[in-house]
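Q: I'd like a close look at a single part of this model, with the distances, angles and cut-offs spelled out. Could you pick one where aromatic packing and strand pairing come together?

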Amino acid sequence: MNLLTIIGEAMRALQTNRLRTALTMLGMIIGVAAVVLMLAVGQGAQTSINSAIASMGSHLLIIMPGATSSGGVRWGIGSVKTLTVQDAQAIAELPMIDATAPIISGAAQLNYNANNWSTILTGVTPDYFSINNWEIASGTIFSEGDLRSGTRMAVLGQITATSLFGDEDPVGKVIRITNRPFTVVGVLAAKGQSLSGRDQDDNVFIPLTTAQRQIIGNQFPGSINFMMVRAKSENDMEAAEAEITHLLRQRHRISNHMENDFTVRNLTALASVASNTAKIMGWMLGAIASVSLLVGGIGIMNIMLVSVTERTREIGIRMAIGANQRMILTQFLLESLMICTLGGLTGIALGIGGAWLASQLAGIDIVITSGTIALAFSFASITGIFFGLYPARKAAALKPVEALRHE
């Protein structure tokens, strides 16, 4: 009896009990669909976080002003203005620093003709855009000359541009920011949300000096809200953090026994932690979903054992007319493998459909790769072999005479 004949016998056996075969297959379908869906959601979350990390730029440090105390109450980070533009210029001269970007920000009302929009106004230097890997969709950004002269120029985020201008090209148009005219020189490419969940495209950027002198103002001249610093390489991050801390303590005349009046944070390290956490969560979701495969496999083994008991006399007859133990083992193993393979393919299709539906209804990002499909299908096949082996061996081990006597 060749392999094709054995496959035909296995298929006929499954078709004889179609309802039982379908119910047995159901456990595998649910298990595989759950694995595909959970891995798609987990990998989608990781991709979203990686995109947010990439949009931030690389080798980044953020320096925040320090805390303050008043009447025994300690206020949080940034509650006192301790950083200045001069601090940023001094940090830029350190050998392992590639660029710095001092920043001030505040709320602002924008107007263009009859349209108005309330958004975040951010005063920055031209280096801010390169540090953040921010591309220009149209127009340009302001220059160092514009920064020195404090010109009234504005660069809009995508959402701000759309809210004010609709389909009209904003470049060259004049908007009013707190009733002061500003010329729009550029529109930034879409960037999406930051890791903190803030929409980075809802923003308007103007030269730092213009923001300080004309819009936001400050009771401490030259002070900034915070600054972003880019190291020359990832290997320079720790050394850069130590050198910045040492330099700022010197500039702020902080003695050895006093705490820093600033905070230095390594954004690259924080981003890596977020990425690794998302990766672990993705695999945990897949591992939890794979429990369904285990349950489905146990169900297959139970049904196959019942099938062996019901078909004991049939097995005896086949052995009596020449079938050997290997043929019986192969047939029952093939039956289990067919159930798992067909269930796996159906589960993959349902998992892909469920992932697409989840992305449409819940608005979550999903990623389905060939690796995910191959992994789910491999698990289904391995489950069929593993849980079908014991019933198959039990069937092959039956003695012909005893099997023929079975009622």
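A: Happy to! Helices (H or I, at least four residues) and strands (E, at least two) are DSSP runs, numbered from the N terminus. The model is predicted, so local features need pLDDT of at least 70 and side-chain atom pairs pLDDT 80 or more, while totals for chains, interfaces and linings use all residues. Residues are numbered from 1 along each chain as its sequence is written, and side-chain values use heavy atoms, with hydrogens and water left out.

In the model, residues 364–390 are 78% helix and 0% strand, with 42 Å between the end C-alpha atoms. Residues 21–41 are 100% helix and 0% strand, and there the end C-alpha atoms are 30 Å apart.

Rings of Phe, Tyr and Trp (the six-membered ring) pair if their centres lie within 6.5 Å; planes under 30 degrees apart are stacked, over 60 edge-to-face, and the rest tilted. The structure holds 7 aromatic pairs. One of them joins Tyr128 and Trp134 in a tilted arrangement, with 6.5 Å from centre to centre and 40 degrees between the planes. Another is edge-to-face: the rings of Trp134 and Phe205 have their centres 5.4 Å apart and their planes at 75 degrees. That pair ties together distant parts of the chain, since Trp134 sits in the loop between H4 and E6 while Phe205 belongs to strand E10 (residues 203–207), 71 residues apart. Taken together, ring pairs link Tyr128, Phe129, Trp134, Phe142 and Phe205 into a cluster.

How enclosed are these rings? Buried means under 20% relative accessible area, exposed over 50%, and partly exposed in between (1.4 Å probe, protein chains only). Tyr128 and Trp134 are both buried. Trp134 has a relative accessible area of 8%, and Phe205 is at 0%. Trp134 has a charged neighbour too: the charged end of Lys191 sits over its ring, 5.0 Å from the centre. That label asks for NZ of Lys or CZ of Arg within 6 Å of the ring centre and within 35 degrees of the ring normal.

Asn132 lies between helix H4 (127–131) and strand E6 (136–139). With 5% relative accessibility, Asn132 is buried. Its side chain reaches back to the backbone oxygen of Tyr128, at 2.9 Å, and Tyr128 is also one of the cluster residues.

Two strands pair if DSSP finds at least two bridges between them. E10 runs parallel to strand E5 (residues 115–124), joined by 5 bridges, and Gly123 stands opposite Ile206 of E10. E10 also pairs with E7, this time antiparallel and through 2 bridges.

E7 (residues 153–156) is joined to strand E9 (residues 180–188) by 4 bridges, and the two run parallel. Leu156 takes part here as well, with Val187 as its bridge partner in E9.

Most residues other than glycine have a negative phi. Thr178, in the loop between strand E8 (174–177) and E9, has a positive phi near 50 degrees without being a glycine. Asn179 lies in the loop between E8 and E9 too, and its phi is also positive, at about 65 degrees. Thr178 is partly exposed, with a relative accessible area of 33%, whereas Asn179 counts as exposed at 59%.

Definitions and conventions: Polar contact = N/O pair within 3.5 Å; in protein donor to acceptor, adjacent residues only side chain to side chain.
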